[in-house]
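Visitor: I would like to learn how to read a protein model, one feature at a time. Could you walk me through it?

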Amino acid sequence: MKKLKMRNRNFILFSLISILFFVVFGSCSKKDDSNVVNEIITPIPLTTSAYSGLTDRTVVLHGKIGALNQEEILDYGFAWYSVDVDNITSSESYITLGAKAPEGDISSTLSSTKNFQIGNVYQYYIYVRTKNNFYKGNVNSFSVQDISVYELSAIKSYGRDTIVLQGDFSNFDQNYRLQVTGAFNIFSLPYQLDTDKKKMTFILTGNPAVQHKSSVQVSIVKKGIKQLNFERNIVTVQYFAQFEAPEKKYYKPSTQIRINQINKQYVASVLDRGYAVVNILINDKSYPYDGNFQLYYQNEIGGTSFKVGIDNGKEKVIFRDPLELTPISSLEMKNIFPRIHPWGLVRIFASNLFDFYDVAYISLAGSVYESPGNYNSQQLGFFVSDVPEGEYEMEVTDRFYTSKVKDKLKVEKLRWTAVNKRSAFVGEEIEFTGNFIAGISYTVFDENGNSLGLGEVSTNNTLKTVVNNWYTDVKGLKIGYNKDPWSYDISDQTISFTCEGFTFDKFYPSQGRSGEVLTIEGKGIAFAESFLLGDVALHPFVINNNKVTFSLPYLPNNGKVRISYYMNKKFYQSTDLFEIL
């Protein structure tokens, strides 16, 4: 029994120890797993690029750093080492560029204390060292084993270039090739060597898919016996759109200026894309150019002769011949109204007005008036304000042109001297004599300035108007004209005038039925506002001011009725009766 108790005690103790072990070490394991998850870091992408600027002791190394993570950076730069002809690799050396690593392209010059050895292959790569990691890019190499060549400065090209390299190409054999990469790719570019192998010549040509300002890199490439890649950049060629001068002709300010691209077989067209990648030069000032450009829409441009050029990013070219606007001498403007009143409308016409002016400024009697042109009528029109009497020259200007209207403009106050009658019935015509101007709209007013209707000037100096029903109770007449579309200049002159009203003289026939014609005659009867036959409305057909006719409508009842009419808020009836049959 005692032995059994001891066994139970040991079992309980073992169980407690097991549980404690699980809790302690299980929680530790969970914590460690969490730390592993938290320590997952995205590697920094690095690219080792081709070298440049190789001399006996120096070379420029290039690389690219991608997106940086949140690691603490200790330093970055380039590492390099050499592999000799016996395949012995030297220890690595480092070019440290600091701890503030940038994203993007970097470069640094490798300077050796002694000349690079012919036959050796020098390998290098870009690196970034952090607190926890060491990142390295792909390995690239350079060599001075066989070929000495002088690199060229970057070439800005219009599409086809003959490129000459100077150097020692004695060992340039089938193991080497010229490679083109970038805007287009050529695996092996044809070339020619001079007999002394001191000069290499090749032709590089763009194509219609090459974009404006895009580049290619020409490199010498070799696959070494140790399977070590050799690649050396020789020259960068950047391509640009080339343009010819605009057509030589006279232009209007609103004419599209077209400067055509002439190397589209080598560089893709940059025009008519809806956005500009080159600039047009007008008098040395630069404007975005997408193939469509009008002088009119550039408010700071003025004059009639312009230096024109193109800035395509490669060079600024000013074309030999200036761009000329149509000479103003071919424009002949005249006044539609050679004579006007102090307030009123001036209208200037020329058959080719819009070749020169769209919005113009007209100087008249010391004031300047702005006038937008009317394209359909080829006219400038504007209202003047209280111009003193006299004769005036008019000068028309805008940003491009200055010219004068052919004839002088005469300004006269409105004066009228006579009227052919001092009383009249409604419907009768009266005639005024004065300095009226044909084409100008005149309005007749009563003595209190209330409008009675328009008058018509069929010939200069004579104004005719018809007395209407608004003349009833008028005591005098005035005449005015539009100062502007909303107000009048009314003369101070007033003549006495009496309206005799209107008459209902007769109607015929005296009887009839539906569908027959009824005629009414009377002075001014056509100005009546409505007619009734008994209690049936009649709709008049006006023959003239003194005669109207009706087609009798359906008449439900027979018998004799009066003809009624309404005029000037008064109701009138005929004395005689009309019999409905």
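Visitor: Let me start with a strand pairing. Which residue in β4 does Phe78 stand opposite?

Guide: Welcome! Keep in mind throughout that this is a predicted model. The general idea is that strands of a sheet pair through backbone hydrogen bonds, either parallel or antiparallel. Here, Phe78 stands opposite Ile95 in β4. The strands β3 and β4 run antiparallel and are joined by four bridges.

Visitor: What other strand does β3 pair with, and over how many bridges?

Guide: That is β6, paired with β3 in the antiparallel sense over 10 bridges. Within that pairing, Tyr81 has Gln123 of β6 opposite it.

Visitor: Now to aromatic rings. How many aromatic pairs are found in the whole structure?

Guide: The search gives 27 aromatic pairs. One of them joins Tyr94 and Tyr127, with 5.4 Å from centre to centre and 85° between the planes. Planes over 60 degrees apart count as edge-to-face, and that is the label this pair receives. The pair also links distant parts of the chain: Tyr94 belongs to strand β4 (residues 93–96) and Tyr127 to strand β6 (residues 121–130), 33 residues apart.

Visitor: Is Tyr94 buried, partly exposed or exposed?

Guide: Tyr94 counts as partly exposed because its relative accessibility is 38%. Tyr127, in turn, has a relative accessible area of 0%, so it is buried.

Visitor: Which charged residue lies over the face of Tyr94?

Guide: Arg129 does, at 5.7 Å from the ring centre.

Visitor: Which residues form an aromatic cluster?

Guide: One cluster brings together Phe502, Phe504, Phe507, Phe531, Phe550, Tyr565, Tyr572 and Phe578.

Visitor: Let us turn to the nonpolar cores. How many residues does the largest one have?

Guide: The general idea first: in soluble globular proteins, nonpolar side chains tend to be buried together. In this model, the largest nonpolar core has 92 residues, and Leu295, Ile348, Phe432, Tyr442 and Leu477 are those with the most contacts inside it. Apart from this core lies another of 23 residues, among them Ile155, Leu165, Phe169 and Phe202.

Visitor: Why does Thr549 count as buried?

Guide: Buried means under 20% relative accessible area. Thr549 has 14%, so it is buried. This threonine lies in strand β50 (residues 547–551). Beyond four places in sequence, Thr549 touches Val517, Leu518, Thr519, His539, Pro540, Phe541 and Ile543.

Visitor: And where is Thr195 found?

Guide: Look in the loop between β13 (192–193) and β14 (199–205). Thr195 counts as exposed because its relative accessibility is 85%. For a sense of scale, the C-alpha atoms of Thr195 and Glu429 are separated by 110 Å, and the two residues are 234 apart along the chain.

Visitor: What is the strand order of the open sheet of three strands?

Guide: The order is β1-β2-β5, again with antiparallel pairing. β1 (46–48) and β5 (104–111) are the edge strands, each pairing on one side only. Strand β2 (residues 58–65) is joined to β5 by eight bridges, and Val59 has Leu110 as its bridge partner in β5.

Key:
Residues are numbered from 1 along each chain as its sequence is written. This is a predicted model: local features need pLDDT of at least 70, side-chain atom pairs count only at pLDDT 80 or more; totals for chains, interfaces and linings use all residues. Side-chain values use heavy atoms; hydrogens and water are left out. Rings of Phe, Tyr and Trp (its six-membered ring) pair if their centres lie within 6.5 Å; planes under 30 degrees apart count as stacked, over 60 as edge-to-face and the rest as tilted. Helices (H or I, at least four residues) and strands (E, at least two) are DSSP runs, numbered from the N terminus. Buried means under 20% relative accessible area, exposed over 50%, partly exposed in between (1.4 Å probe, protein chains only). A charge sits over a ring if NZ of Lys or CZ of Arg is within 6 Å of the ring centre and within 35 degrees of the ring normal. Contact means heavy atoms within 4.5 Å. Two strands pair if DSSP finds at least two bridges between them. A nonpolar core is a set of buried Ala, Val, Leu, Ile, Met, Phe, Trp, Tyr and Cys residues joined through side-chain atoms within 4.5 Å.
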